[in-house]
Amino acid sequence: MKAFLILEDGTVFEGESIGAVKEVISEIVFNTSMTGYLEVLTDPSYAGQAVTMTYPLIGNYGVCYEDMESFKGWPDGFIVREISRMPSNFRSEDSLQNFLEKNNIPGICSIDTRALVKILREKGTMNGIITTNENYNLDELIPKLKEYRVTGVVEKVSSKNKQKYIPGDIGSKECIADKNIAVIDVGTKKNIIRYLLEHGCNVTLYPCNFNAEEIINTKPDGIMITNGPGDPAECISIIEQIKILADSGIPIFAICLGHQLMALANGAKTYKMKYGHRGANHPVKNLETGKVYISSQNHGYVVDINSIDQNIAKPWFVNVNDGTIEGISYCNKPIKTVQFHPEANAGPKDSELLFNEFMKMIGGNK
Amino acid sequence: MPKIEGIGRVLVIGSGPIVIGQAAEFDYAGTQACRSLKEEGMEVILVNSNPATIMTDKDIADKVYIEPLTTEVLEQIIEIEKPDSLLPNMGGQAGLNLGMELAESGFLESHGVKLLGTTAETIRNAEGRQEFKDLMEKIGEPCAASELVENIEDGITFANKIGYPVVLRPAYTLGGSGGGIAHNEEELVEILTNGLRLSRVGQVLVERCIAGWKEIEYEVMRDSNGTCITVCSMENLDPVGVHTGDSIVVAPSQTLSDKEYQMLRTSALKIIDELGITGGCNVQFALHPTSFEYIVIEVNPRVSRSSALASKATGYPIAKVSAKIALGYTLDEIPNAVTGKTYASFEPAIDYVVVKIPRLPFDKFIKAKRTLTTQMKATGEVMSICTNFEGAIMKALRSLEQHVDSLEGSVYKGNSTEEIEEMLHIVDDRRIYVIAEAIRRGISYDKIHEITMIDNWFIDKIAILVEMEEKLKSCESLDRELLYQAKRLEFPDSVIAEWTQNTEQEIKQLRYKWGITAAFKMVDTCAAEFASETPYYYSCFDGVNEVENVSDKKKIMVLGSGPIRIGQGIEFDYCSVHSVWALKNEGYETIIVNNNPETVSTDFDIADKLYFEPLTPEDVENIVRLENPDGAVVQFGGQTAIKLTEALMKMGVKILGTSAENVDAAEDRERFDEILEQCCIPRPKGHTVFTTEEALKAANDLGYPVLVRPSYVLGGQGMKIAVSDSDIEEYMAIINRYHQDHPILVDKYLMGKEVEVDAVCDGEDILIPGIMEHVERAGVHSGDSISIYPAQSLSEKIQNVIVDYTGKLARSLNVIGLINIQFIVYNDDVYVIEVNPRSSRTVPYISKVTGIPIVDLASRAILGAKIKDMGYGTGLAPKSDYLAIKMPVFSFEKLRGAEISLGPEMKSTGECLGISKYFNEALYKAFLGSGIDLPRYKKMILTVKDADKLEAVDIARRFKKLGYEIFATRSTARVLNDNGVLAIPINRINEEAPTLMDLLLEHQIDLVVDTPTYGDKMKDGFIIRRTAIETGVTCLTSLDTAAALLTSLESSETQHLSVVDITSINTVNVAGN
């Protein structure tokens, strides 16, 4: 079946429909990872966005359910050049086409994804519609596309209730836990929790409408604020709660959206990047050691490096390519945050040792 | 400026002559490294024995030594040049080993030379079998269990411990002879017995067999700060068991999930971090197809063939970055030249598919075993880029220039489905066609996978191509959608036309009518994430064109020479690159089209624009329609480029230099004869024929021996000397395996002295940089002959005749640019045997030794400049003060079953040079550089054909005088003993022991001189020659070569070699004197 991707600048791509057959308006972003499409699809940070994969052959190794980063697929839409008709991998349990259908994610294939990426790169991230309606009317559509705003996505992806995990859960290796970590779920990937479990921690997962005092009262050894979707500045009440956590003296490690929220809680500003960082190949430099790591990234907003009060915090990591801030270390407080994804999945595990660093902060043994 | 203090003069070691397994990729890497070092203000001293390389140019290094790559020579150069550092990881295994020997002997330290980049300890840990195993064990990375055994019992015990099947590899045999896979004890005993006997040191490695696992490679970089990145992952379509150099390889990996991909990536980075590598490194893995189990196969702590491929596949210049890292820079400090916005620490992301297919030499060695094993056999490779895998495969297949444009398998028509299934078990270069046929016959994916272990994903891709083939063959009328899909999968117009009963022209018209045209995309290292300016493009049919055509300069397209094969080697890349540089200098915008990832020409900063495309008329036309060049240059890219001449003219592209018509006149026998007659130049009598009957008639008319060959070929492809009717029948059958568009030539064979010239011509004047003379008599292909410049034995009169003939021919053929002519001097008469109005194999070496930039001058002549204004004079240039002797180098040990005796068909893969003021020293250096290292035991075997017996007496006497003990077959021995040269008669192979074979296997013979009878069908001589080659014994098949070797051995000038910096050779300049 024919499908169309129409951007708010009026560009129309004609391709074939994949996944669920339905119309969707969303923010169109692109990811440059050459593997890990399932991890991308199940990363809650993509809620409210339609993802374009720049690698042209997607679905080659099918769907290995154990690789899912959350319980379902999140993006509004999925855009690829070619979807493999022959999933081939010893762990594959399903085809990507079936996965998209089951998760009610519409998509489009057989389009020039590179041409699309070049438009997004030049003009910045924009909204678009994926539709199978051949009789679309651009004059009606474009104002609608321009108007569209992504809101309230954190509430959508965050877990609804408090949940407890112990080592051995969600496919983690079993070990003895001697620390307790409170995880603020603003859209977490499973691997953050899995890494904490494998580092000998019991995890209590709190939904995004958590109460800081309640967490502090449980006296956790450390707090993790996770990744998540959307504009961080929108999360006003969460930021208020995080301020309280930040003053508690409990060691905090935050990733991606968590990192941005912590910065906002400390008076810094965030802004939307032209087209973000989404991929598995971004070099980030540790300013303390000079060492560079290749990181997995997925963010459209970034902390404004100039808005950080040097008395409160200092840059910890920077992006080697564009010099944007990739990590913050807070002065006089046991708080460290990173913009990239040390939990990888998809992407390189070069920076997973940051979890060890977090363990050191909480006096753990691993 | 380097970051490490005290570095100013860097010695770079090249990889020597091109052999199978060590080819042009090291010229590419070395050239890039030298340029990178010079960018940082370093003085570069370069040593390489291979004169056909670009790295040995004056403009690449400050001091250039084309000398044999031995420790003695290097020590001498270090003493003269006093470098403060040595970069050892650019010259392949050969360069690395030399660097290590110099480091380990303490020579470097005592001369204050630092080893740059990777340290000696790192190299030892990566290269030493035991050291590597220990290190991997220490960091918990798995290697295949293995043990060296010296007897059968130990072999059985170890095999029982690790379980069957096991791989057996005899130590110190070449070409993997005597090895194999044993599935049970019986097989083990059989193979091991033979292997222990063949091994010079009596050792065989018994190893766990991982054949059938996925073979995955990572190209990784590490800097001194410990930052590690992956440049590229590559997956072999052929599972473990086929050498990666002989495998079809795809980048990036296709069938690995992120988990597997990251698992291996993490392992690769852990390994290079533990080894402490600084620079580029290649890590090869075997991954179990149905589990997460993996094994580290090997680590190459240097640039390699794979790193060249990864560089071209991603646009990331590994050698350049490695050189910068060696100077102390870190990855985050080195800018990415492609994007200009990112740094070398940014891992490339690619948004296309790259396929590499090896170029195997079985068209040259039709009797060699085609089986692909862990011993590499390919001489070169092609790479293609497309937006889909199927398209990339199709493009790569036609880039091979092996008469194949699709997976169509009409050759299998006669085979039953059972036979096809049986054929799937054969692992050779035809396997992909057999798989396609198996799919056509309905053999299931699972069955094909079970037999070949090739991943179903790849099998499905082949099936998609077969389905398209069937759709095209069965379609009633071709509609837009079907044609679009066929083009998206890169089916050429010619193939679509054939299958849909149209003409190629009709298909092309339909395409344009329906708007199905090629678009060009950029290779930018970052999947379009950042705006880039690399002028590096590939085509596809399913996208928007992104090549901007902004320059207002005049544009010239230079056609490259495609994959490296015997007969068309690195020399043509040298010529193409120099032509590009010359044209750029004259203010033109240059466009290069080529498909060989190993070469300098496909580096993105050589030409103004690089199109990585197949060199076929259709593919080139796509570029022409976009670029609309003002002219094209075809004379530097070997036969590959010449073949495109007619097509380019039809597209309306002006051919710069010698016109197509005149190229044709040199190849078309009748027209050529006319020209010779007009010029009063004799050539050996001959006839043109098409059929075997005509050939027999011609041969009998001329009288045997005769030379038989197809026209329009390079490197004497299919050329044979026939001495009988049965030879004619056999050779004609071989030539006519492929449909011949042009007649076959049958000429009288004259056994005289062969002489060769290259000349530059501007339509009026000529410049002959030098006259070369071959050591071997006519009948041995010029590429396989030892060639001497300047010619030593020609009288003034003969030389004048040669110059006169050259001028006449060049003018009659209206040559503008280069011409190469081969003569025979027979009974003091000069005959022309071949004229090639294009660049030749000898151009680079003559340029270097005379200092005359031949390609540069030819390129300027092409643009209209006059030779007399160029400052190098006209006519024959004065002789250089130096002699240069070009020695062919062969790779016979790699090709099991290949006939090694020399003849009119070229067999050498590379060459090296000996330069000296003295003939004997030059000759000795040439032999030394080619790897002939005599003597050890001073024992030799002599067996010659009857016609050579008397001549052999003198040769034997000279060897005797040098202290050799001579063993000879009975008839040879009789003649020698009758003439007073003591020779020990020895039995033939099928006679009672001890035989010739036993003698060879005692591993105490230095040299075999065996001149085979033409058309020698006897197994004996063949087996002797093969055994000699496979046990590492020098084997000469021409008495002329043997005599030359003797001359060099007898000479006292070879005791202390002098070394020559060729940049100090004064350019021969007649203008001033």
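Trainee: Why is strand β17 of chain A called mostly covered?
Mentor: This is a predicted model. A residue is buried if 20 or more other C-beta atoms lie within 10 Å of its own. In β17(A), residues 313-319, five of the seven residues are buried. So the strand counts as mostly covered.

Trainee: How do you know that β17(A) pairs with β15 of chain A?
Mentor: Pairing needs at least two bridges. Three bridges join β15(A), residues 270-286, to β17(A). Therefore they pair, and the sense is antiparallel. One bridge partner is A:F317 in β17(A), for A:N286.

Trainee: What makes β18 of chain A a partner of β17(A)?
Mentor: Five bridges join β17(A) to β18(A), residues 325-330, in the antiparallel sense. At least two are needed, so this is a pair. A:A313 stands opposite A:Y330 in β18(A).

Trainee: What lies between the strands of the hairpin of β17(A) and β18(A)?
Mentor: Five residues lie between them. In this hairpin, A:G323 takes a positive phi near 70 degrees.

Trainee: On to chain B. Why are β23 and β25 of chain B called edge strands?
Mentor: Four strands form an open sheet there, in the order β23-β26-β24-β25, with antiparallel pairing. β23(B), residues 686-689, and β25(B), residues 720-722, each pair on one side only. Neighbouring strands of the sheet are turned by 25 degrees against each other on average, direction ignored.

Trainee: How do you know that β23(B) and β26(B) pair?
Mentor: There are four bridges between β23(B) and β26(B), residues 744-748. The cut-off is at least two, so they pair. B:T688 has B:L745 in β26(B) as its bridge partner.

Trainee: Which helix packs on this sheet?
Mentor: Helix α26 of chain B, residues 692-702, does. α26(B) touches β23, β24, β25 and β26 of chain B. The helix direction makes about 15 degrees with that of β26(B).

Trainee: How do you know that chains A and B touch?
Mentor: Residues are in contact if their C-beta atoms lie within 7 Å. By that test, 40 residues of chain A are in contact with 46 of chain B, so the chains touch.

Trainee: Which element gives the most to the side of chain A that touches chain B?
Mentor: α3(A) does, with five residues. α3(A), β15(A) and β16(A) each supply at least two.

Trainee: How do the residues on that side of chain A divide?
Mentor: Into 17 nonpolar, twelve polar and eleven charged.

Definitions and conventions
Residues numbered from 1 in each chain as written. Chains lettered and ligands numbered in written order. Predicted model: local features only at pLDDT ≥ 70, side-chain atom pairs only at ≥ 80, totals over all residues. Axes fitted to C-alpha atoms, helices over the stretch in contact; angles between N-to-C directions. Contact = placed C-beta atoms within 7 Å. Buried ≥ 20, exposed ≤ 12 C-beta atoms within 10 Å, placed from the backbone. Nonpolar A, V, L, I, M, F, W, Y, C, P; charged D, E, K, R; others polar.
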